Amino acid sequence: LNQSRAQLLQMSQGQRKVRIAVIGGGAAGLVSTKILSEFQKGDVIFDVKCFEMNGNVGGQWIYKDPKDEPMSFGQKDEEKVESDGSVGKEKEYSSMYESLSTNLTKIQMQFGHFPMHKRKNPSSGKGDYSQLEEKYDEYPMYPMHYQIKEYLEDYSEHFKLNDKISFNTKVVKVDLVDSPPHFQMKEKNRSVLDCKWKVEYQNLLDGASNEEEFDGVLVCSGRYWLEYIPYFDGIDSFQGEIIHSHVYRKPKEYFQNKRILSIGSGWSGIQITKEIGENTNIPVFHSISPHHDSEPAQNIHYIGEVSRFVPNSKTIEFVDGTKLDFDLVLFCTGYDYHFPFLSVDSMDVPNKGSNESAEIIQGGRKSEGRNVEKDIESIGRNCLLQISHKPKEVFPVYQQTVHMRYPSLCFLGLPYQVVPFPLFEWQATWIAHLFSGLCELPSIEDMLQILDRDRKELANRPFHFTRNPSIHMLGMKQKDLFDFIQKQTKGGILFDWDGMKRRYVEE
């Protein structure tokens, strides 16, 4: 109520209201809703509506067990349970598994304005978090997934965000309604909020559909929904089971008495494989790149990369010529970028969101991906994004955040190998300044040149960093993005950043 009164007062003083749709009620969506709703600089005030398809906040951190046992891609339609676990199919549940803990400390994971640790002076800063800090102080340094979810629930409640969130609501389509008919490649200082967006959505409880018009859209839907399954010759006729780590929840008895091959060297691949090895009676083989280090683990045998699946068998051949039989292959191979509510050209992505990845496996065919250059002239209402898998890139996006042609469409969370929560905070801060007219964008031509520079830098990275190269894989370059946003917002981020460590202005 107080905030509504403040908005009326601001509007009476000449500020105009700007309607913003935020898609996703996870960490990125929550911090965006909070920052834009409270932003009081410039000549606009933000009326924010957040859409979340679950019944509560948390996004990717909401643990759901889709079934008692993982499901292979070969299941018939009539055998599928309500939550479909078929390989390659878009999921509407997260990839959280029962034992998952963060691989970043709670100090790194927290938002700068909502500490997840006990400060020396709890009364400093905005708000009294002392009781929450006492609770967070009991969290382990590397919290469990349910503790991160609890932290996000506390965050939403503390900043009274729930009233701005439409729960159990799925965004079906985001469409460009009104935009300038032409754009100039060399134009600078152009208006950011120069178009309108129609958001169509459905209530998942009663099936009712609706649509609303917004001045800007923030895509905060995450990137862990659409599984990536690499293609290997012979995989179509493999006689064992194939699953993706997305459907993994706990080892239980499902993995007992099975010869298992795990593929993938990321954090989840390492943690899940280790957990299965500790809970099964047969050694688990873990296929990793020779560029990745392997640590001794109980019941785990490390092996090189897969060369092919021997047709019509359970045999898999590796690059060194070794052949072994397996009952189950677990792909911990990550995800493709996926925005089912946007008009997207998935250029060489084998998995476009229906069940094409499974069809590729079953049909024994490789993706007919088109190896074409991304082209800004092709971007328009019928093709808002061009997405490629190799190199992994969402185009055309400037500084990991802003759509080059339609800058009122923004993305939070595209980068990986980052410290995510602070990154979301920075991006939301920049967007608030940008939409308020407090900072400007370069010309499209200049933005494309910056993108081309990043691509060239990527091409010069060592081989083991470019197995599946991506300009969105930031690592320590996250510091460069922080510095850029700080410069754009004239110090708008209140909490300093030092490499991969978080140090606070206020203790």
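Me: Why does N312 count as exposed?

Reply: In this predicted model, N312 has a relative accessibility of 60%. The cut-off for exposed is over 50%, so N312 counts as exposed.

Me: Where is N312 found, and what is its phi?

Reply: N312 lies in the loop between β13 (306-309) and β14 (315-318). Its phi is positive, about 55 degrees, although N312 is not a glycine. Most residues other than glycine have a negative phi.

Me: What makes N257 count as exposed?

Reply: The relative accessibility of N257 is 56%. Exposed requires over 50%, and therefore N257 counts as exposed. N257 sits in the loop between β9 (241-244) and β10 (260-263), and its phi is positive at about 60 degrees, although N257 is not a glycine.

Me: Why is α2 called roughly parallel to α5?

Reply: Helix α2 (residues 27-38) and helix α5 (residues 145-158) pack at an angle of about 20 degrees, with their axes 11 Å apart. Because angles under 35 degrees count as roughly parallel, α2 is roughly parallel to α5. The crossing of the two helices is left-handed.

Me: Which residues make the contact of α2 with α5, and how do they divide by type?

Reply: From α2 come A27, L30, V31 and K34, and from α5 come L152, Y155 and S156. They divide into five nonpolar, one polar and one charged. Lys counts as charged, so K34 of α2 is the charged residue of this contact.

Me: How do you know that α8 is roughly parallel to α10?

Reply: The axes of helix α8 (residues 420-435) and helix α10 (residues 478-488) cross at roughly 30 degrees and come within 10 Å. The limit for roughly parallel is under 35 degrees, which means that α8 is roughly parallel to α10. The crossing is left-handed.

Me: What residues form the contact of α8 with α10, and how many are charged?

Reply: L423, W426, Q427 and W430 belong to α8, while Q478, L481, F482, F484, I485 and Q488 belong to α10. Seven are nonpolar, three are polar and none is charged.

Me: What is the omega of the peptide bond that joins F395 and P396, and where is P396 found?

Reply: Omega is about 0 degrees, and the bond is cis. P396 is found in the loop between β20 (392-395) and β21 (397-398). Most peptide bonds are trans.

Me: What share of the chain counts as buried?

Reply: Of its 507 residues, 55% count as buried. The chain exposes about 22,400 Å², of which carbon and sulfur atoms supply 47%.

Key
Residues numbered from 1 in each chain as written. Predicted model: local features only at pLDDT ≥ 70, side-chain atom pairs only at ≥ 80, totals over all residues. Heavy atoms only, no water. Axes fitted to C-alpha atoms, helices over the stretch in contact; angles between N-to-C directions. Helix = DSSP H or I, 4+ residues; strand = E, 2+ residues; numbered from the N terminus. Parallel < 35°, antiparallel > 145°, perpendicular 65-115°, else oblique. Left-handed = near helix turned anticlockwise from the far one by under 90°. Contact = heavy atoms within 4.5 Å. Buried < 20%, exposed > 50% of the residue type's maximum accessible area, 1.4 Å probe, protein only. Areas by Shrake-Rupley, 256 points an atom, 1.4 Å probe, with all protein chains shown as cover.
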